[in-house]
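User: I'm new to this structure and would like to learn how to read it. Could you walk me through a few features?

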Amino acid sequence: NFLPELGDHPRPMEDVPTLILADVLHEFFQTGIKKQQKAIIRLEDVSTHVAPAKLEQISQYLASEKVPFAIGLIPNQRLATGRVDPLGEHLGLVRTLRSAQENGGTIVLHGYFHTFGTGEDYEFWDDVRNQPLAGETHSLYACKASDGIRILRDLGLEPKMWETPHYSGSNLTYEVMGKYFSHALENRRGATWMPYGYGPDKFGQIVIPENIGYISPDPTNKEWTVQKQLERAGMLQIVRDAWVLGFYHPVVIPI
């Protein structure tokens, strides 16, 4: 709470004073924390539209390099036509996900439908009005959480963490998901960028923030690249207990 909000992703040189402050706070509060920096890559928006062979290649490579990785997994992909494409009907992908899990990949429940390109894309937030969804209820969100977990467990997959689609959810969303998951892998309104994990927050979760951005599929985009991610990661080493978390979409980004 002592750190200023920096927006979605600050520019590297603009963050240095804040990172120095984040580290010095350990001395101020005499935390006794020593250097213990961690990093993780998240494979984002993984669902039935990801080719099993590509996911297998990625997970085997990351495992061989001993790189920790998480998989933001959607159990029911609702298509733009309205049809639902359940993960359980794609057994080749399920086998690949099981293999990735065995190779150290952490499964993250990334919403229930998280429909791309439709009004349900945000799933837990009204992006047009920038407010909670009309008619949201505790039972609706609890059903999505419990059924999402059940679907994955029935397929031999164990979701360990939560990720809110587009990092956008109401307080009710976080309250409900806090009953099912001790950890969330995301940013949240009010703390859109942090150099380290924090919590438990008021919803009972430890939040591991995404803080080095993503890789853009647009070759003309010079801001969201691998090199920029590495620059941000290097800068975060200023903080003795920094977490470094970046992501990319395996369906559009080559290994």
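This is a predicted model: local features need pLDDT of at least 70, side-chain atom pairs count only at pLDDT 80 or more; totals for chains, interfaces and linings use all residues.

**Two helices side by side**

Analyst: Let's start with a contact: in helix 2, P52, L55, E56 and S59 meet G92, L93, T96, L97, S99 and A100 of helix 3. Contact means heavy atoms within 4.5 Å, while helices (H or I, at least four residues) and strands (E, at least two) are DSSP runs, numbered from the N terminus. The residues of this helix 2 and helix 3 contact split into five nonpolar, four polar and one charged. Residues are numbered from 1 along each chain as its sequence is written, and side-chain values use heavy atoms, with hydrogens and water left out.

User: At what angle do the axes of helix 2 and helix 3 cross?

Analyst: The general idea is that two packed helices are described by the angle between their axes and the distance between the axes. Here, the axes of helix 2 (residues 52–64) and helix 3 (residues 91–102) cross at roughly 5° and come within 9 Å. Axes are lines fitted to C-alpha atoms, for helices over the stretch in contact, and angles run from 0 to 180 degrees between N-to-C directions. Helix 2 and helix 3 are therefore roughly parallel to each other; angles under 35 degrees count as roughly parallel, over 145 as roughly antiparallel, 65 to 115 as roughly perpendicular and the rest as oblique.

User: Which strands pair with strand 5?

Analyst: Two strands pair if DSSP finds at least two bridges between them. Strand 2 (residues 69–73) runs parallel to strand 5 and is joined to it by five bridges, with I71 opposite I107. Strand 6 (residues 159–162) also pairs with strand 5 in the parallel sense, over three bridges, and there I107 stands opposite P159.

User: How many residues of strand 5 are buried?

Analyst: Buried means under 20% relative accessible area, exposed over 50%, partly exposed in between (1.4 Å probe, protein chains only). In strand 5 (residues 105–109), four of the five residues are buried, so this strand is largely enclosed by the rest of the structure.

User: Is G148 buried or exposed?

Analyst: With 0% relative accessibility, G148 counts as buried. G148 is part of helix 4 (residues 138–154) and touches P75, L109, Y112 and C143, leaving aside residues up to four places away in sequence. Between G148 and G111 there are 7.9 Å, C-alpha to C-alpha, though the two are 37 residues apart in sequence.

User: What is the radius of gyration of the whole protein?

Analyst: First, the protein has six helices and nine strands. Its radius of gyration is 18 Å, close to the 18 Å that the globule rule gives for 255 residues, so the protein is as compact as a globular protein of that length. The radius is taken over C-alpha atoms, and the globule rule is 2.2 Å times the number of residues to the power 0.38.

Note on methods:
Ala, Val, Leu, Ile, Met, Phe, Trp, Tyr, Cys and Pro count as nonpolar, Asp, Glu, Lys and Arg as charged, and the others, Gly among them, as polar.
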